[in-house]
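Hello,

I am handing over the structure we talked about, and below it you will find my notes on what turned up. Please have a look at the picture first and then read on.

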Amino acid sequence: MSEATDLAERAGDRDPRVGLRAVAALRRLLEQLESVQVRSARNQGWSWQEIAAELGVSRQAVHKKYGRH
């Protein structure tokens, strides 16, 4: 089972401590994955507007978050 699948399963645990820890870990994993994909898109010549559209956020938001990377 992959790490993400395991974390998703634990996020639904009846024990809130287990579930919340899994949610926090999923959030960290998601941030890492998003960063990798934004960097990849920029390396392929995508504009901030194109990236923002795919993420469902404003161009300003994505540029503010990743513009210095």
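In the contact between helices H2 and H3, Glu 34, Val 38, Ala 41 and Arg 42 of H2 meet Trp 48, Ile 51 and Leu 55 of H3. Contact here means heavy atoms within 4.5 Å, and helices are DSSP runs (H or I, at least four residues; for strands, E, at least two), numbered from the N terminus. The residues of this contact divide into 5 nonpolar, no polar and 2 charged. For these classes, Ala, Val, Leu, Ile, Met, Phe, Trp, Tyr, Cys and Pro count as nonpolar, Asp, Glu, Lys and Arg as charged, and the others, Gly among them, as polar.

Before going further, a word on the source: this is a predicted model, in which local features need pLDDT of at least 70 and side-chain atom pairs count only at pLDDT 80 or more, while totals for chains, interfaces and linings use all residues. Residues are numbered from 1 along each chain as its sequence is written, and side-chain values use heavy atoms, with hydrogens and water left out.

Now the geometry. H2 covers residues 16-43 and H3 covers residues 48-55; they pack at an angle of about 145 degrees, with their axes 10 Å apart. Axes are lines fitted to C-alpha atoms, for helices over the stretch in contact, and angles run from 0 to 180 degrees between N-to-C directions. H2 passes H3 in a right-handed crossing. A crossing is called right-handed if the near helix is turned clockwise from the far one by less than a right angle, and left-handed if anticlockwise.

H2 also packs with H1 (residues 3-11), at an angle of about 145 degrees and with axes 7 Å apart. That crossing is left-handed. On the H1 side, the contact is made by Ala 4, Leu 7, Ala 8, Arg 10 and Ala 11, and the H2 residues include Val 18, Gly 19 and Leu 29. By class, the contact of H1 with H2 has 10 nonpolar, 1 polar and 1 charged residues.

Asp 13 sits in the loop between H1 and H2 and touches Val 18 and Gly 19, leaving aside residues up to four places away in sequence. Buried means under 20% relative accessible area, exposed over 50%, and partly exposed in between (1.4 Å probe, protein chains only).

As for the whole, the protein has 4 helices and 0 strands, in the pattern α-α-α-α along the sequence. Of its 69 residues, 19% count as buried. The C-alpha atoms fill a box of roughly 45 × 25 × 20 Å, taken along the principal axes.
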